[in-house]
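Have a look at the model first.

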Amino acid sequence: MAGIAAIPNSGKPKALIYTPVGRDAWVARSLVDEAGLASIAATDLSMFASSLSDDIALGVLTEEAVRSSDLKPIAAWVSAQPSWSDLPFIVLTTRGGGPERNPAAARLSEVLGNVTFLERPFHATSFISVARTALKGRLRQYEAQARLEALGEGERRLQTALAAGRLGAWELELSSMALSASATCKAIFGRGPDDDVTRDDLIASIHPDDRDLVLARLRQTIDTGRDYSIEHRTIWPDGSLHWTEVHAQLYSDRYGSARKLVGVCSDTTVRKTIEENLRRLNETLEERVRERTKEVNAAHQTLLEEVAQRERAEEQLRQSQKMEAIGQLTGGVAHDFNNLLMVVLGNLELLGKHVGGDAKATRLVDGAIQGARRGAALTQRLLAFARQQDLQVKPVDLAALVSGMNDLLRRSVGSSISIKTTLPATLPPALVDANQLELALLNLAVNARDAMPDGGTLSISLREEQVAGDAALGKGAYLVLAVADGGTGMDAETLKKAVDPFFSTKELGKGTGLGLSMIHGLAVQLNGALRMTSELGVGTTAELWLPATERRPERPAEAELPVPQAASRLKILLVDDDALIAMSSVDMLEDLGHEVVEANSGSQALELISGQHFDLVITDYSMPGMTGAQLAQAARNIHPALPIVLATGYADLPAGTDIDLPRLGKPYNQAQLAKEIAKAMARETVPLLRSGSGAGGLGLSPSKTDDVRDEIGDGACVV
């Protein structure tokens, strides 16, 4: 359905229903589902009011259920909606009870605002038609919200660019000659930010000798549509003379009629003063020209660099916007894909237990699990690309890392390029972030592919080097990961700029110029270096120098060990807003021998915690309305000693999330689930206190955190 991508926490549109009498609730849910919406049934009016949110697409009420109820909470929420939002409601009235003859129904219209009354009995198609019409209107509201946010962000970036370039902005409506100018624009013409400035004021401030030329150029732009560009003298109110450079474009309506001029201006007094001084110097002091040549050239070069810098800033702004959009899209897709893999892996693992006697079925299930795990590894790389995470530096076997990427590299470079690897098995580990290094190697391989459009050989090698110490590298042992191609190569001048941000030798639209810059930054962060050699027509070699270590790499978790049954049967509350993930996790927990209660939101979980005893809570982090961290805080306020495990697909929680809970990385298998449950129950005896916050806090002081981790170990590795 068009517009669903604009829904907050996007998914199937939701309808909030409060129809407590008879079969109304069942009928409403059935019709809402047929109309293409997911239904959320409120058990009482209080729950209906508390469940209202911006991601609710439609509200359904029966008039008799709210006839004598307190509607203030609902009215307060409706009146507090943001400017883009006008939540539609459908109110089911009884025969003869429409708003024209029923004051109580009319009262609902005043409270709810955007309301449609549907008199019972009605045909199902009538309800579905009304619901779909309301949904279309709601989706248009979401699209308006997205456009408003995009416009606001674009305006902020534009203002930043204008401020960086010291440019003043202005607009002239041609029909009324009404002028609007920014504070910078007014300052360029010698006015204060609060001064009222009209078109006639600015025209009058132009030097008399330049005024006719300015007016002629303006008329030419309006008549022909040609861009307006001129430099002229301006006389400020205090009598001082200044130079102003003005550029503008003409905007026309759909009929081709000129509507307005939109432009920028800048103060070029300093540049013109320098040029005038140079002219006078040439006229009167020719004998000193040779002595002043260097100074003149330096001043001229500075001006040229300022112009070039402004152009580079505009280009970098466009590139950064594109990279930000790519990062957000990649992160969102990867996070959703991660959740799908959670469901696939969980169900495959449970399915494998029921086909133990069937060799072919076992082989098929194992193959599917391996494929899903490879998808999880790819998702981790995508999340690492999309999020600016701190480096996780550990000892890594580089030969094993490169070998593990062999299939991915071959798919990335294509069939026309062969890959040759030289990976000695006796090399020591390197201190690196494995995920970031994989991205760097993949980037170097893609660059090499693009440098060999007709095919060729990509060589990847490892070697150990001893460095006595230089300007870039400290003294010690280094592993050198080299990627070499036989492609077009670069000349010496291009090679010097290869790692500059946004510099690219690729044609427009086929490169951002950030790849080598990011790899260089990664190498420096790892206390290493990126060294490149290249020759035109011969090829390019990129070497990543990475510090070696005597520490051994961590052993991977033994995922294939059988999962033991739980030592004791626990009553566990499983909280996840994704029904598929919740169902898969409940099945795994019940298979471990536990009693499981499922909740699909933070508010529902809190109601269950308040009325029942649970030995453990496992909650998703990213949920609408209330995050897992907020649920944990609220749950601890009710039961301070309640063990809680936080499930998340991100390695780093959002900035400002002050919480110290055991974490379960998505996607997880049954063995990891059992391990985290055991850790959480062992951790129950350790007081979780935030410094200065009392017994109800969720954080740990640094020393206490280290003690706990020494005692029970780190949490599960997050994918």
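## Ground rules

This is a predicted model, where local features need pLDDT of at least 70, side-chain atom pairs count only at pLDDT 80 or more, and totals for chains, interfaces and linings use all residues. Residues are numbered from 1 along each chain as its sequence is written, and side-chain values use heavy atoms, with hydrogens and water left out.

Helices (H or I, at least four residues) and strands (E, at least two) are DSSP runs, numbered from the N terminus. Buried means under 20% relative accessible area, exposed over 50%, and partly exposed in between (1.4 Å probe, protein chains only). The areas themselves come from the Shrake-Rupley method.

## Aromatic pairs

Rings of Phe, Tyr and Trp (its six-membered ring) pair if their centres lie within 6.5 Å; planes under 30 degrees apart count as stacked, over 60 as edge-to-face and the rest as tilted. By this rule the count comes to three aromatic pairs. One of them is W84 with Y142, a tilted pair at 5.8 Å centre to centre and 50° between the planes. W84 sits in the loop between α3 (72-79) and β4 (89-93) and Y142 in helix α5 (residues 124-164), so this pair ties together parts that are 58 residues apart in sequence. W84 counts as buried because its relative accessibility is 13%, and Y142 is buried too, at 0%.

F122 and F127 also pair up, this time stacked, with 5.9 Å centre to centre and 20° between the planes. F127 is buried at 1% relative accessibility, whereas F122 has 24% and so counts as partly exposed.

## Salt bridges

A salt bridge here is a side-chain nitrogen of Lys or Arg within 4 Å of a carboxyl oxygen of Asp or Glu. How many salt bridges does the structure hold? The tally is 17.

Take E64 and R120, whose side chains meet at 2.6 Å, N to O. E64 is in the loop between β3 (56-62) and α3, and R120 in the loop between β5 (115-119) and α5, so the pair ties together parts that are 56 residues apart in sequence. R120 is buried at 16% relative accessible area, while E64 is partly exposed at 23%.

D223 and R219 form another salt bridge, at 3.5 Å, N to O. They are four residues apart in helix α8 (residues 208-224), so about one helical turn separates them. D223 is exposed with a relative accessible area of 55%, and R219 is partly exposed at 46%.

Then there's E245 with R271, where the closest N and O atoms are 3.6 Å apart. E245 lies in strand β9 (residues 241-252) and R271 in helix α9 (residues 269-284), so this bridge ties together parts that are 26 residues apart in sequence. Both belong to a network of salt bridges linking E231, E245, R271, K272 and E275.

## A negative patch

D194, D195, D196 and D201 form a negative surface patch (residues with over 30% relative accessible area and no salt bridge, like charges joined within 9 Å). Asp and Glu count as negative, and the charge of Asp is placed at CG. D196 lies in the loop between α6 (183-188) and α7 (199-205), and counts as exposed because its relative accessibility is 74%.

V21 is in the loop between β1 (14-18) and α1 (24-34) and is partly exposed, at 45% relative accessible area. V21 and A65 are 44 residues apart in sequence and 7.5 Å apart in space, C-alpha to C-alpha.

Methods:
Patch = residues over 30% accessible without salt bridge, like charges linked within 9 Å, V, L, I, M, F, W, Y side chains within 5 Å. Areas by Shrake-Rupley, 256 points an atom, 1.4 Å probe, with all protein chains shown as cover.
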